[in-house]
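Here is a short briefing to read alongside the model. Have the viewer open as you go through the points.

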Amino acid sequence: MIYLDNAATTRVSEEVFEAMKPYFCEQYANPSGIYSFAGRSMKAVDEARRSVAQLIGAQHDEIYFTAGGSESDNWAVKAAAAFCQKKGKHIITSKIEHHAVLHTCQYLEKQGYEVTYVDVDACGVIKLDELEAAIRPDTILITVMAANNEIGTIQPLREIGALAKKNGILFHTDAVQAYGHIPLDVDALHIDMLSASGHKFHGPKGIGFLYIRKGVRIGSFVHGGAQERSRRAGTLNVPGIVGIGAAARLAAASLQERQEQETALRDYLIRRVLEEIPYSRLNGHATDRLPGNANFCFRFIEGESLLILLDQQGICASSGSACTSGSLDPSHVLLALGLPHELAHGSLRLTLSEETTREDIDSTVDAVGRIVERLRSMSPLYEDFIKQNRKREA
Ligand SMILES: *Cc1c(COP(=O)(O)O)cnc(C)c1O
């Protein structure tokens, strides 16, 4: 099997799994207890909190553990909206956010909030002039993702953060794809809230966190006990928290090396596909993109068929996001880039990890090339296109 769907989820590292193990059957205490058995669980939680904070230049007491990226996004956007509604009810986001942000914004629109969905350019970079022009006296929140989960484009967070700060607006970023993969610093980028998720960087599923800058006084999302400084109730997921902490430490230790290795392999993949497969295009930015992300369109190809045939070769890939597969709508991200519907249907996302080898890439490019050729040979549209081309040349 060749696994090239690391944007959907990653393998839990052996080190992470080993670190978590004692917290199931041995060190199982509820960390809220007052006995020393519980204290040892709390100590492990504190250590993990420091580890995840360190990777983004945050303080440990600005980290709130959640059940993952979707919860963190919901919390940040809904709680900011509720807390700031006296100031106004206007939110700014981008057209290419993850559904955890987009659908939350749509929910808020039904509650009487107004949302501006700012456009991106052909590479998927948010249009900063449009963002600035959208700011109004009643704007309370700007939420723009750090890097896109489909096309990998990295957003100009520093500029967005500066705009938010200058105008006294809260800035939230969904950094689920970026955290642990590219450097992030909440102070340098003027980030007030940041979402991340364990399973996107070799930690376990069902654990994430929301960074909330000290002084940002949004309400709690889950009401109940006093856990997480009374801002997110519920017995702490100790094995998950230990796991995300270990994953953050591993990510920090190898960040630069991994970035370089994956970028080189990604660029090799992109070069081979664009050179060897006719009528293919790269989606997203050529350089400002996640180290492990490549996203292509192949004209005259239906993305679903390509994925099914790749699966038959033991290759796990995706057409965009896990959330849109199963639906026949083309990706909202590819449409926002300005791609026509028929092209947006033929996309292929290949996402690498540090475990991906050059052999994996070679086998995959060979398989994609063969499958694209075979599917086109069965396409009347492609046949017409080739005939037209020949006529034009003659
Ligand atoms: C995966 C993902 C999420 C959702 O995270 P979960 O932990 O799976 O809930 C949110 N945003 C982005 C950009 C993602 O890639």
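In this predicted model, the count of salt bridges comes to 18.

**Salt bridges**
- D5 pairs with R349, with their closest N and O atoms 3.0 Å apart. Since D5 sits in the loop between β1 (2-3) and α1 (14-20) and R349 in strand β12 (residues 347-351), the pair ties together parts that are 344 residues apart in sequence.
- D5 counts as buried at 13% relative accessibility, and R349 counts as buried at 1%.
- K95 forms a salt bridge with D119, and here the closest N and O atoms are 3.3 Å apart. K95 belongs to the loop between β3 and α5 and D119 to the loop between β4 and α6 (128-134), so this bridge ties together parts 24 residues apart in sequence.
- K95 is partly exposed, with a relative accessible area of 34%; D119 is partly exposed too, at 22%.
- K166 bridges to E132, with the closest N and O atoms 3.6 Å apart. The pair links helix α7 (residues 157-166), which holds K166, to helix α6, which holds E132, 34 residues apart.
- K166 is exposed at 63% relative accessible area, whereas E132 counts as partly exposed at 40%.

**A buried arginine without a salt bridge**
- R231 is found in the loop between α8 (227-230) and α9 (238-276).
- R231 is buried, and the nearest side chain of opposite charge, E62, is 8.8 Å away.
- Residues touched by R231 include W75, I212, R217 and F221.

**Helix α5**
- Helix α5 (residues 99-110) has 12 residues and spans 16 Å from first to last C-alpha, close to the 16 Å expected.
- Its buried residues are H99, A100, V101, L102, T104, C105 and L108. Among the elements covering them are α4 (69-83), β3 (90-94), β4 (114-118) and α11 (332-336).
- G112, which follows α5, has a positive phi near 100 degrees.

**Ligand site**
- Of the 13 residues around the ligand, S70, D174, Q177, S197 and K200 come nearest.
- Ligand oxygen atoms lie 2.8 Å from a backbone N or O atom of G69, 3.0 Å from a side-chain N or O atom of H199 and 2.8 Å from one of K200.

Note on methods. Residues numbered from 1 in each chain as written. Predicted model: local features only at pLDDT ≥ 70, side-chain atom pairs only at ≥ 80, totals over all residues. Heavy atoms only, no water. Helix = DSSP H or I, 4+ residues; strand = E, 2+ residues; numbered from the N terminus. Expected span 1.5 Å × (residues − 1). Buried < 20%, exposed > 50% of the residue type's maximum accessible area, 1.4 Å probe, protein only. Contact = heavy atoms within 4.5 Å. Lys, Arg positive; Asp, Glu negative; His and termini not counted. Salt bridge = Lys/Arg side-chain N within 4 Å of Asp/Glu carboxyl O. Near = heavy atom within 4 Å. Polar contact = N/O pair within 3.5 Å; in protein donor to acceptor, adjacent residues only side chain to side chain. Lists of a residue's contacts leave out its neighbours within four places in sequence.
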